[in-house]
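This report goes through a few features of one chain, one heading at a time. Please keep the sequence and the structure in view while reading.

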Amino acid sequence: LHGCTNITDAAVVAVAFGCKQLTLLDLDSCCDITDVGVKALALQCKQLKWLDLSSCTETTDAALVAVASECKQLTTLSLRECYHFGDEAIMAVASGCKELKELDLGCYGDLGNCNITDEAVVALASKCKNLDSLCLCSCLNITDAAVVAVASGCKKLTSLDLHYNSNITDEALAALSGCKELKELDLGCYG
């Protein structure tokens with residue numbers, strides 16, 4: 001359903017109740033989806049392994065808390081350009097989705113994701129040991145502490161995107177030197 005801008009909660013609820021064995025759902029840029037649709041998915045589609053809510057700007061922490069509580073098999077979650085998610089939601093994901101391998105929290109617009117802090121990233125690093133790909137692009141409130149936690153907790157990490165994070169310093173890079181599996185590292189900064 002990627003880019004289906006006319007899709008609403010009514011359709012997502014219908015799919016959730018009719019397709020309970022769903023394992024993959026791409027709702028990227030379905031801008032009219034709200035917590036109602038996402039909560040229905042979480043409650044009805046507990047087999048979800050791959051979920052893309054990128055640019056679903058009408059969803060909040062409540063929706064993601066429901067996903068984290070119900071979708072324990074989730075391995076891939078994309079929340080790119082979701083400006084309403086904060087630490088509460090990400091900490092719920094860390095606690096509930098321990099099989100998570102890929103997480104995209106990146107924001108590529110001018111707003112940046114100012115709601116995610118070190119506390120949430122530290123929780124992810126301590127509980128999601130299978131993470132191999134993490135995007136924290138433009139998560140403007142994270143610092144070296146978050147990166148140090150990721151470096152020490154996510155030993156399977158192969159890809160880390162930190163571009164447009166001006167709070168990252170040499171300390172974070174020194175910690176990343178211990179990530180022996182790391183193949184992709186994006187540190188691009190403002191010009």
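**An exposed loop residue**

K183 sits in the loop that runs between helix 7 (170–176) and strand 7 (184–186). Helices (H or I, at least four residues) and strands (E, at least two) are DSSP runs, numbered from the N terminus. With a relative accessible area of 69%, K183 is exposed; exposed means over 50%, buried under 20% and partly exposed in between (1.4 Å probe, protein chains only).

**Basis of the model**

The model is predicted: local features need pLDDT of at least 70, side-chain atom pairs count only at pLDDT 80 or more, and totals for chains, interfaces and linings use all residues. Residues are numbered from 1 along each chain as its sequence is written, and side-chain values use heavy atoms, leaving out hydrogens and water.

**A covered helix**

Helix 4 (residues 87–96) is mostly covered, with seven of its 10 residues buried. Among them are I90, A92 and V93. The cover over these buried residues includes helix 3 (61–70), strand 3 (76–78) and helix 5 (118–127).

**Salt bridges**

A salt bridge is a side-chain nitrogen of Lys or Arg within 4 Å of a carboxyl oxygen of Asp or Glu. The count is three.

R80 pairs with D28, their closest N and O atoms being 3.3 Å apart. R80 lies in the loop between strand 3 and helix 4 and D28 in the loop between strand 1 (24–26) and helix 2 (35–44), so the pair ties together parts 52 residues apart in sequence. D28 is buried at 4% relative accessibility, whereas R80 is partly exposed at 22%. A salt bridge also joins D104 and R80 (3.5 Å, N to O), and D28, R80 and D104 are linked in a network.

Notes
Contact = heavy atoms within 4.5 Å.
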